[in-house]
Number of protein chains: 2
Amino acid sequence: MPALTIIPVEGIGEVAPGDNLADLIAEHAALENGDVVVVTQKIVSKAEGRLVPIDPDDPLSHKALVEQEAVRVLRRRGDLIITETTHGFVCANSGVDLSNVEKGYAALLPIDSDRSARRIRDGLKGKAHVDLGVIVSDTFGRAWRRGLTDVAIGCAGIAALVSLQGTADALGRILQVTEVAVADELASAAELVMGKSSGVPVAIVRGVDPEWLRDASVREELVRPPAEDLFR
Amino acid sequence: MPALTIIPVEGIGEVAPGDNLADLIAEHAALENGDVVVVTQKIVSKAEGRLVPIDPDDPLSHKALVEQEAVRVLRRRGDLIITETTHGFVCANSGVDLSNVEKGYAALLPIDSDRSARRIRDGLKGKAHVDLGVIVSDTFGRAWRRGLTDVAIGCAGIAALVSLQGTADALGRILQVTEVAVADELASAAELVMGKSSGVPVAIVRGVDPEWLRDASVREELVRPPAEDLFR
């Protein structure tokens, strides 16, 4: 296995509705074949115009939006609401976000975050003339463990799950089902160079196993259907 | 933010009870100040002699071990048992593992995985004369999402959680509580160069924010106490 490099893409600045993210990324990054470009949900939502006005002095204004974006409420405690979104994601506040958004507005998740990733990828392929993968990432909490990690909410041209089922391990034993959520691990790796306040909304992961570069979908591969989920 | 590099450490080979992991790692890696060394649980358990004989032809033999290592069973479905371990980890089979272990044996989690990380770190500081962080990682499933990711089960000299509470975001707004589980993200990043069958049980993350290099504990920072957990 060669080394991986995680490169922050600096200088993208504020993103506004209608901005072409592929153009912005291609301008600020020297992309190479086989790169995986991780783009945070916030700028994807902004570019796609997923901003809605709220009353910043009225918490109910935000809460109404959270319920509107949810197909199911899993838990409530105080101000915290854990919901399932239309995409099938389980997260706080239906992914409706107020930080890094202009006062008086909230950012909603992209309507179809796999499609968002595909659109950015198609743009980058046309603009930078390279073949690569794109992940749209967001910052979610987890059950059982404190703290947030970045996960993939959309992907294109890069595997979401890689199955090691049936691969022999180092001792020659056949491994049982081992499906690794590589898109989530790539999103987490990218977060390490982004920070939350540093204004770095994009990172490149260079050196990814070329076998992982294939058509894929977060929604189809990573979202666990409620029927097979033991914790919903 | 500078770039991060994730470097696989090759050539460590099979690890046996009593082996000194710090010596093995120092022999096979050119460590630098500020590196974070991620070591998979499997070789930590082996070096610490956490191997117990089981009857490979009797599934009950494995199951008895899983129950012995659990303080609580959260869910059962078919052969799958989700338990809480003595450490407070919620995972499949109490972390008792048969893959990459000699036939007829199972590997248990280290008794105190933060202490395991500290011991490796102390050894590396003495041997390689560098100051660095150490994470012990394991591969866990999650609620709501398919696939496994590597998380931190122990750490030393590297933050488990980094709080961005109160830091101004790029628009000057004060962010609400944002606590990032950087030790889990580092473990996930490291997994990307390890694979499950490639015999690479250690990786180095180089270029981590120096402010993250501090005393820390997975058990104290990342394990969510049952009383504050909405999903237990």
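This is a predicted model: local features need pLDDT of at least 70, side-chain atom pairs count only at pLDDT 80 or more; totals for chains, interfaces and linings use all residues.
**Entry 1: a strand in chain A**

I started at A:Val9 and looked up its bridge partner in E12(A), which is A:Val202. Helices (H or I, at least four residues) and strands (E, at least two) are DSSP runs, numbered from the N terminus. I take two strands as paired if DSSP finds at least two bridges between them. E1(A) and E12(A) pass that with five bridges, in the antiparallel sense.

Residues are numbered from 1 along each chain as its sequence is written, while chains are lettered from A and ligands numbered from 1 in the order in which they are written.

Then I checked burial for E1(A). Five of its six residues are buried, so I noted the strand as mostly covered. Buried here means 20 or more other C-beta atoms within 10 Å of the residue's own, exposed means 12 or fewer, and partly exposed is in between, with C-beta atoms placed from the backbone.

**Entry 2: across to chain B**

What does E1(A) pair with in chain B? I found E1(B), antiparallel, over three bridges.

**Entry 3: the interface**

How many residues of chain B are in contact with chain A? I got 60, against 60 residues of chain A. Contact means that the C-beta atoms of two residues, placed from the backbone, lie within 7 Å.

On the chain B side, E1 (4-9), E4 (70-77), E11 (179-180) and H5 (182-191) each supply at least two residues. H5(B) gives the largest share, seven residues. By class, I have 29 nonpolar, 13 polar and 18 charged residues on that side. For these classes, Ala, Val, Leu, Ile, Met, Phe, Trp, Tyr, Cys and Pro count as nonpolar, Asp, Glu, Lys and Arg as charged, and the others, Gly among them, as polar.

Next I superposed the copies by least squares on the C-alpha atoms of residues with pLDDT of at least 70 in both. A rotation of 180° with 0.0 Å of shift along its axis puts chain B on chain A, RMSD 0.0 Å. The two copies are therefore related as by a two-fold rotation axis. I also found that 100% of the interface residues of chain B are interface residues in chain A too, so the copies meet through the same surface.

**Entry 4: domains of chain A**

Where are the domain bounds? Domain 1 of chain A is 1-41 + 110-221 and domain 2 is 51-109, with bounds from an automatic or database domain assignment. Their C-alpha centres lie 24 Å apart. Nine residues of domain 1 are in contact with eight residues of domain 2. The domain 1 side of that boundary has four nonpolar, three polar and two charged residues.

I also looked at a three-strand open sheet in chain A, ordered E4-E5-E6 with antiparallel pairing. E4 (70-77) and E6 (90-92) are its edge strands, each pairing on one side only. Six bridges join E4(A) to E5 (residues 80-85). In E5(A), A:Glu84 stands opposite A:Arg72.

**Entry 5: one histidine**

Last, I picked B:His62, which sits in H3 (residues 59-68) of chain B. Is B:His62 buried or partly exposed? I count it as partly exposed because it has 17 C-beta neighbours inside 10 Å. Leaving out residues up to four places away in sequence, B:His62 touches B:Ile54, B:Val96, B:Leu98 and B:Ala106.
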